[in-house]
Amino acid sequence: MTRTAPLLALLALASCATVPQRDYANGPTAPLNEVATLDGLTVRPLAVIEDSRCPASVQCVWAGRVRISAEISGAGTRELTLGEPAAVSGGTLTLVDVRPGKRTPDAIAPRDYQFTFTFQRP
């Protein structure tokens, strides 16, 4: 029975494992008024419309959201919401990450924002 104890402990630990979040930091990223290029599509974040994300140090009922205005080649100026795919130029454009993350209730300086996108064609 002593041989099964380590196996049971290992199984118990494995059941607590979590699937890591995908890291988008290496994707096409741009700060405000700069361009990210994705498979021939260019995206220029113009302004942060809303950043109501919950700071990491606070327990919130709602996680919040980020909405930006962006100029997209072939699609004009559009509003994009973090995590919500948008039909653009025959494909799907998604704002997948916004950095820095909220740490305090204080506002983030516009120059500090970095926006990461994905674009998928059918």
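Student: How do strand E7 and E8 pair, and over how many bridges?
Tutor: In this predicted model, strand E7, which covers residues 91-99, pairs with E8 in the antiparallel sense, and the pairing runs over 7 bridges. As one example from that pairing, Leu93 has Phe119 in E8 as its bridge partner.

Student: What holds strands together like that, in general?
Tutor: Strands of a sheet pair through backbone hydrogen bonds, and the pairing can be either parallel or antiparallel.

Student: Which other strand is joined to E8?
Tutor: Strand E1, made of residues 29-30, is joined to E8, residues 114-120, by 2 bridges, and these strands run antiparallel. Within E8, the residue that stands opposite Thr29 is Thr116.

Student: What is the order of the strands in the open sheet?
Tutor: The open sheet has 4 strands in the order E2-E3-E4-E5, and their pairing is antiparallel. Strand E2 (36-38) and strand E5 (76-81) stand at the edges with a single partner strand each, so one side of each is left without a neighbour in the sheet. On average, neighbouring strands of this sheet are turned by 35 degrees against each other, with direction ignored.

Student: Can you walk me through the pairs in that order?
Tutor: Starting at E2, this strand pairs with strand E3, residues 41-51, in the antiparallel sense over 3 bridges, and Leu38 stands opposite Leu41 in E3. Next, E3 and E4 pair over 7 bridges, again in the antiparallel sense, with Ile68 in E4 as the bridge partner of Val48. Finally, E4 is joined to E5 by 6 bridges, and these strands run antiparallel, with Ile68 standing opposite Leu80 in E5.

Student: What's going on at Gly74, in the hairpin of E4 and E5?
Tutor: The hairpin has 3 residues between the strands, and Gly74 takes a positive phi near 80 degrees there.

Student: Why is E4 largely enclosed by the rest of the structure?
Tutor: The reason is that 6 of the 7 residues of E4 are buried, so this strand is largely enclosed by the rest of the structure. For the protein chain as a whole, buried residues make up 30% of the 122 residues.

Student: Which residues have the most contacts inside the largest nonpolar core?
Tutor: That core has 21 residues, and those with the most contacts inside it are Val43, Ile68, Ile72, Leu80, Leu93, Phe115 and Phe117. The elements giving two or more residues to the core are E2, E3, strand E4 (66-72), strand E6 (86-88), E7 and E8, and the largest share, 4 residues, comes from E4. As a general background, nonpolar side chains tend to be buried together in soluble globular proteins.

Student: And what is Leu80 in contact with?
Tutor: If you leave aside its neighbours within four places in sequence, Leu80 is in contact with Val66, Arg67, Ile68, Ala70, Ile72, Ala86, Leu93, Leu95 and Phe117.

Student: New topic: is Asp97 buried or exposed?
Tutor: Asp97, which is found in strand E7, has a relative accessibility of 15%, and since the cut-off for buried is under 20%, Asp97 counts as buried. The side chains of Asp97 and Arg99 are joined by a polar contact of 2.5 Å.

Student: Where is Glu84, then?
Tutor: Glu84 has its place in the loop between E5 and E6, and at 46% relative accessibility it counts as partly exposed. Not counting residues up to four places away in sequence, Glu84 touches Leu93 and Thr94. Along the chain, Glu84 and Val96 are 12 residues apart, and their C-alpha atoms are separated by 8.2 Å.

Student: What share of contacts in the protein chain join residues at least 24 apart?
Tutor: Among contacts between residues at least 6 apart in sequence, 45% join residues at least 24 apart.

Student: Last one, what does the accessible surface come to?
Tutor: The accessible surface of the protein chain comes to about 8,000 Å², and 54% of this surface belongs to carbon and sulfur atoms.

Methods
Residues are numbered from 1 along each chain as its sequence is written. This is a predicted model: local features need pLDDT of at least 70, side-chain atom pairs count only at pLDDT 80 or more; totals for chains, interfaces and linings use all residues. Side-chain values use heavy atoms; hydrogens and water are left out. Two strands pair if DSSP finds at least two bridges between them. Axes are lines fitted to C-alpha atoms, for helices over the stretch in contact, and angles run from 0 to 180 degrees between N-to-C directions. A nonpolar core is a set of buried Ala, Val, Leu, Ile, Met, Phe, Trp, Tyr and Cys residues joined through side-chain atoms within 4.5 Å. Buried means under 20% relative accessible area, exposed over 50%, partly exposed in between (1.4 Å probe, protein chains only). Contact means heavy atoms within 4.5 Å. Accessible areas come from the Shrake-Rupley method with a 1.4 Å probe; for residues, only the protein chains shown count as cover. A polar contact is a pair of N or O atoms within 3.5 Å; within protein, one must be able to donate a hydrogen and the other to accept it, and residues adjacent in sequence count only if both atoms are side-chain atoms.
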